[in-house]
Amino acid sequence: MSATPADPYVPTRGDASYGVDHYDLDLDYRVSTNRLAGRARLDVVAHEPVRRLRVDLVHLRATKVTVGRTAVKWAQRGPHLTVTLPQALAVGERAEVTVTYSGNPRPVRSSWGEVGWEELDDGVLVASQPTGAPTWFPCNDHPRDKATYRIAFECDSPYAVAVTGTLVEQRVRGSRTRHVFEQRHPMATYLATVHVGQYEQVVLADGPVRQVLVAPVPLRAQVTTELSRQPRMMELFTRLFGPYPFDDYTVVVTADELEIPLEAQGMATFGPNYLSGRRTHERLVAHELAHQWFGNSLTVKAWRDIWLNEGFACYAEWLWSEASGSQTANALASQHWRRLSLLPQDLVLADPGPATMFDDRVYKRGALALHALRAHLGDPTFFEVVATWVAANRYGSVSTADFLDHVDDLDADGDAVPLLDAWLWQTPLPALPRI
């Protein structure tokens, strides 16, 4: 496996010299004091000859580091923990690095606001995208570095705990409960999350994909109404995009209002302000579900490729609208094209820059590029492109160049890539073809 290059959008995160195959996290959290104590084992593999590993860890203090059973030298400065290995690793060699740490976790400031561990009025959520994962566990925080996880989380018993992964063990010990979750599918660090709150769990659908709601009891009625059509969305997306990639799908609704919904692997998070019971934000329910294919199963190799996450998820909103008898994708594309045409024409979709990587123009122009591709190829070829793109890269990492190569392979006329180039690399908004 080749080395993971440093991401130019977040150059202070991640270490190119190694990857992590598996994280084993054993965490103990006290809600009243916001105190987290943890032990993290990282199963690392060298991508190049390496003697020192740089591990991302923010606002939490390491107290002990071992490699195998050997205590080693380490230093913590700013957001990094530098671990000196007992001996250098050659390319492909492996080691088990265990970090014991503790502290009062809190968000990290970034160009995109505060991200990471966040205390709520009565509980916790973690919003790790794009650089918040190190606020709760030591990691190699790069979107391309995907690993499996085991996360044990002990907390005060009155609180429900939801973690990215499948619950495999739960044990009450006095006033506290230990929950163990396993994520057997490779997951980027920014897609790992924890929720703690006064929640109740409700099954929304048993199959073909199990769908679960985790929410405060007083919000249950309005939220279940809002999510009533989610099983139909799941049916549509599995037909168009291929099998759902994870074991189940959980929607967490916090008691606190949130600025935006959040996606994690096998999970989405909404504030009650987005699930009021009137279905005024149904498109966002579709958007977050679509991320399970685009962004979670298929994860970008670098943050400049984020249109592959957000453009596809936004276009999934339009596909759901069309399939459910509401506005057609043509109508929605026309509306958003007109709106974008009035905004500054200075965005390069395939490399928007860190300051604008979450700009709404990335979402909508990405969806428009896909709509233009659909109009050009026709529905049979377009949906073949999408389904085979997902299947070929399941649980992997992808780039814009990869997508263009994939389109080119299935485009009989050979002119789809030039069409996409205008949407991806030129700043003027291209004309919008209609289906």
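**Close-up 1. Asp24 and its partner Arg150.** Asp24 counts as buried, at 18% relative accessibility (buried is under 20% relative accessible area, exposed over 50%, and partly exposed in between, with a 1.4 Å probe and protein chains only). Its partner in a salt bridge is Arg150, with 3.0 Å between the closest N and O atoms (a salt bridge is a side-chain nitrogen of Lys or Arg within 4 Å of a carboxyl oxygen of Asp or Glu). This pair ties together distant parts of the chain, as Asp24 lies in strand β1 (residues 18–30) and Arg150 in strand β12 (residues 146–156), 126 residues apart. Strands are DSSP runs (E, at least two residues), numbered from the N terminus. Arg150 is partly exposed, at 22% relative accessibility. Do keep in mind that this is a predicted model, where local features need pLDDT of at least 70 and side-chain atom pairs count only at pLDDT 80 or more, while totals for chains, interfaces and linings use all residues. Residues are numbered from 1 along each chain as its sequence is written, and side-chain values use heavy atoms, with hydrogens and water left out.

Close-up 2. Arg176 is buried, with a relative accessible area of 6%, whereas Asp28 is partly exposed at 23%. Both residues belong to a network of salt bridges that also takes in Arg30, Glu154, Asp156 and Arg173.

**Close-up 3. Glu169 and Arg171.** The side chains of Glu169 and Arg171 form a salt bridge of 2.6 Å, N to O. Glu169 is partly exposed, with a relative accessible area of 33%, and Arg171 is partly exposed too, at 35%.

**Close-up 4. Where domain 1 touches domain 2.** The domain assignment, automatic or from a database, places domain 1 at 18–197 and domain 2 at 199–287. In this view, 20 residues of domain 1 are in contact with 14 residues of domain 2 (contact means heavy atoms within 4.5 Å). About 1500 Å² is buried between the two domains, 57% of it from carbon and sulfur atoms; buried area is the accessible area (1.4 Å probe) that two parts lose on being put together, summed over both. His185, Leu191 and His195 lose the most area on the domain 1 side, together 28% of what that side buries. Look also for the salt bridge between Asp247 and Arg184, with closest N and O atoms 2.8 Å apart.

Methods:
Helices (H or I, at least four residues) and strands (E, at least two) are DSSP runs, numbered from the N terminus.
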